[in-house]
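Subject: Handover of a structure and notes on it

Dear colleague,

Please find below the structure that I am handing over to you.

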Amino acid sequence: PSVSQRYCFTVWAHRRGRRRPGPGATGPPRDPGDAEAARAFLRQPHVRRHALRLEHREEWARSLRQSHPPGEALDRALQDHARDCDTIERALGKYLRHLPPAGGGAQAQAAQERWF
């Protein structure tokens, strides 16, 4: 057993078809350097699910490996996941630098928990 404090959350990031942004949704900020606008954009539910998938891509891949037997289906799932993450990174990469840093000390972890 681990003595580290752990958190559990579930994010359903898979959905077939297009999901429409909710009321009050905004497009990406014109200036990617505008940290406040970038964070507001990334916090929108239709964007946040992609940012979360990218932020937790290694855990997602590990979960796929632990949940499926070796074989073509697992290989395909890992390839799809990597391709999806690449697409998300190309679309959101210029805004992601404004997210709280992952890992780090207690202060960095607290900032990330508040954001997500």
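The notes below go from the whole chain to single residues.

This is a predicted model, in which local features need pLDDT of at least 70 and side-chain atom pairs count only at pLDDT 80 or more, while totals for chains, interfaces and linings use all residues. Residues are numbered from 1 along each chain as its sequence is written, and side-chain values use heavy atoms, with hydrogens and water left out.

**The chain as a whole**

The protein chain has five helices and zero strands. Helices (H or I, at least four residues) and strands (E, at least two) are DSSP runs, numbered from the N terminus. Of the 116 residues of the chain, 24% count as buried. Buried means under 20% relative accessible area, exposed means over 50%, and partly exposed lies in between (1.4 Å probe, protein chains only). Among contacts between residues at least 6 apart in sequence, 62% join residues at least 24 apart; contact means heavy atoms within 4.5 Å.

**Helices α2 and α3**

Two packed helices are described by the angle between their axes and the distance between the axes. Helix α2 (residues 45-55) and helix α3 (residues 57-67) pack at an angle of about 70°, with their axes 5 Å apart. Here the axes are lines fitted to C-alpha atoms, for helices over the stretch in contact, and angles run from 0 to 180 degrees between N-to-C directions. The angle makes α2 roughly perpendicular to α3, given that angles under 35 degrees count as roughly parallel, over 145 as roughly antiparallel, 65 to 115 as roughly perpendicular and the rest as oblique.

Arg53, Leu54 and Glu55 of α2 meet Arg57, Glu59 and Trp60 of α3 in this contact. The charged end of Arg53 also sits over the ring of Trp60, 4.2 Å from its centre. This term requires NZ of Lys or CZ of Arg within 6 Å of the ring centre and within 35 degrees of the ring normal.

The buried residues of α2 are His46, Val47, Arg49, Ala51, Leu52, Arg53 and Leu54, and they pack against α1, α3 and α4.

**The aromatic pair**

The structure holds one aromatic pair. Phe41 and Tyr95 form this pair, which is edge-to-face, with 5.3 Å centre to centre and 65° between the planes. Rings of Phe, Tyr and Trp (its six-membered ring) pair if their centres lie within 6.5 Å; planes under 30 degrees apart count as stacked, over 60 as edge-to-face and the rest as tilted. Phe41 belongs to helix α1 (residues 35-43) and Tyr95 to helix α4 (residues 72-96), so the pair links distant parts of the chain, 54 residues apart. Phe41 is buried, because its relative accessible area is 7%, and Tyr95 counts as buried at 4%.

**Further residues**

Leaving aside neighbours within four places in sequence, His81 is in contact with Arg53, Arg57, Trp60, Ala61 and Leu64.

Leu78 also lies in helix α4, but is partly exposed, with a relative accessible area of 21%. Leaving aside its neighbours within four places in sequence, Leu78 is in contact with Ala61, Leu64 and Arg65.

Asp34 is in the segment before α1 and counts as partly exposed at 35% relative accessibility.

Yours sincerely
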